[in-house]
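Hi,

Here is the structure I promised to pass on.

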Amino acid sequence: MINQHYKAMLSGKSVIRELAEYATVRGRKIGYENVFDFSLGNPSVEVPADYNEAVIRRYQTMTSMDLHGYSPSLGNTQVREIVAGSLRRRFGIPYETRHIFMTSGAAGAIAHAVRAVTRPGDVVLTFAPFFPEYVPYVEGAGARLEVVPADTDKFQANIGAFLQMLTPDVQAVLMNTPNNPSGALWSEETLERIGEILRQKQREYGHDIFLISDEPYREIVFDGKKAPYPAAFYDNTLTCYSFSKSLSVPGERIGYVAVHPKATDADILAVIFGQISRGIGHNCPASTAQYGIADCIDQTSDLSVYETNMNLLYETLIDLGFTVTRPGGTFYIFPKCLEEDALIFCDKAKKYDLILVPSDNFGLPGYFRMAYCLDTDKVRRSLPVLRRFVETEYPGTLANNSCMQ
Ligand SMILES: Cc1ncc(COP(=O)(O)O)c(C=O)c1O
């Protein structure tokens, strides 16, 4: 019999993917260069040359068995040590090989982390706005996702609401900075406060509360800053990382979970992830991708284009009268719509071949997300189109804005 749970999921397919498919179909009709597709977070910058060269070198120099044979189920041991070494150097936390588990991107990392620290029926808290795939990641583990309402002022964590919602049923907190979709970079003060609250609640409730920190955008930070590292503020942290965005390799499906060395059961959590893998058929990422990231562990693609694009869009959006928080990182920006219903707003934008993502599935209605992982020329060409959209559909907005200046 077909599993009705998964069948029911067909009616809740990813809005982002559907919009991206719409953009592709529209592009076939009018030329893809004329579709301003801000839907999908697919990195637009090149993979570093070193990544390709490293993989080619591996193909040329390793034996077939060594390169293509099964890798250990927790990931290649040498690669895990290279990841641990990089985290030690960068963040000063004494990770060792045994704390690292190689995964198929951040998606695989979160799927393992949630299963390892919750039982069916437990609550996982996250913060709005959040990446919509958290719903299947958490529900797939049998747990329940509850969402802390957004702090729409600065898109840091809404600490008051978090305190109220952190009941004894909560076994894990799933967070994401720099954030998709808001682009917000959480400050050290925010992370410090979250750490304090979790320590206090662990004591009060007498059980562990794990922080699952989803960090695929850790390297995409603006204004010369570095992202504060959440695990530095709380020991019971499982850091979920992906090389998808930093090295522009989302199709390679490669990332890891790093268990904080002082977390409860830190020495066996990676082995537990291995057991979870057996059940969900994950069985570690491709060996070539593991070697590729190991050879380029502290490199990134040239990510500067994202900051250029962000500044162009931010300035134009402000000029057009949008309410929008300036992103501290990622390749997303998250303005408030010019009318209440984000679906209607984004539908109107389609008439101008502007593909914008309505925010309802991010847990905060009334906003829209633009993924600006496009080449800068296209972002520049989109600016007059955005202006025409606003001038035509919302003429009052521009007039109000010029009165304010
Ligand atoms: C916030 C966030 N978490 C997790 C993921 C999944 O990353 P990956 O595709 O590397 O598994 C994404 C992908 O866009 C994301 O934006």
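L317 sits in helix α12; helices here are DSSP runs of H or I with at least four residues, strands are runs of E with at least two, and both are numbered from the N terminus. This is a predicted model, in which local features need pLDDT of at least 70 and side-chain atom pairs count only at pLDDT 80 or more, while totals for chains, interfaces and linings use all residues. Residues are numbered from 1 along each chain as its sequence is written, and side-chain values use heavy atoms, with hydrogens and water left out.

Back to L317: its relative accessibility is 0%, so it counts as buried (under 20% relative accessible area, with exposed being over 50% and partly exposed in between, for a 1.4 Å probe and protein chains only). Setting aside neighbours within four places in sequence, L317 is in contact with F322, V324, I333, P335, F368, M370 and L386, where contact means heavy atoms within 4.5 Å. One of these partners, I333, is 16 residues from L317 along the chain, and their C-alpha atoms are 10.0 Å apart.

The largest nonpolar core has 41 residues, and Y306, L354, L356 and F389 have the most contacts inside it. Such a core is a set of buried Ala, Val, Leu, Ile, Met, Phe, Trp, Tyr and Cys residues joined through side-chain atoms within 4.5 Å. Two or more residues each come from α12 (304-319), β9 (332-333), α13, β12 (368-371) and α14 (376-393). The largest share, seven residues, belongs to α12. Y306 also touches P43, S44, V45, I220, F222, T330, F331, Y372 and C373, again leaving aside neighbours within four places in sequence. Apart from this core lies another of 29 residues, among them A109, Y137, A172 and A266.

D353 counts as buried because its relative accessibility is 10%, and it touches R26, I30, N34, V35 and F36, not counting residues up to four places away in sequence.

As for the whole protein, there are 15 helices and twelve strands. The C-alpha trace spans about 60 × 55 × 55 Å along its principal axes. Of the 405 residues, 56% count as buried. Among contacts with a separation of 6 or more, 74% join residues 24 or more positions apart.

Enjoy looking through it!

Best wishes
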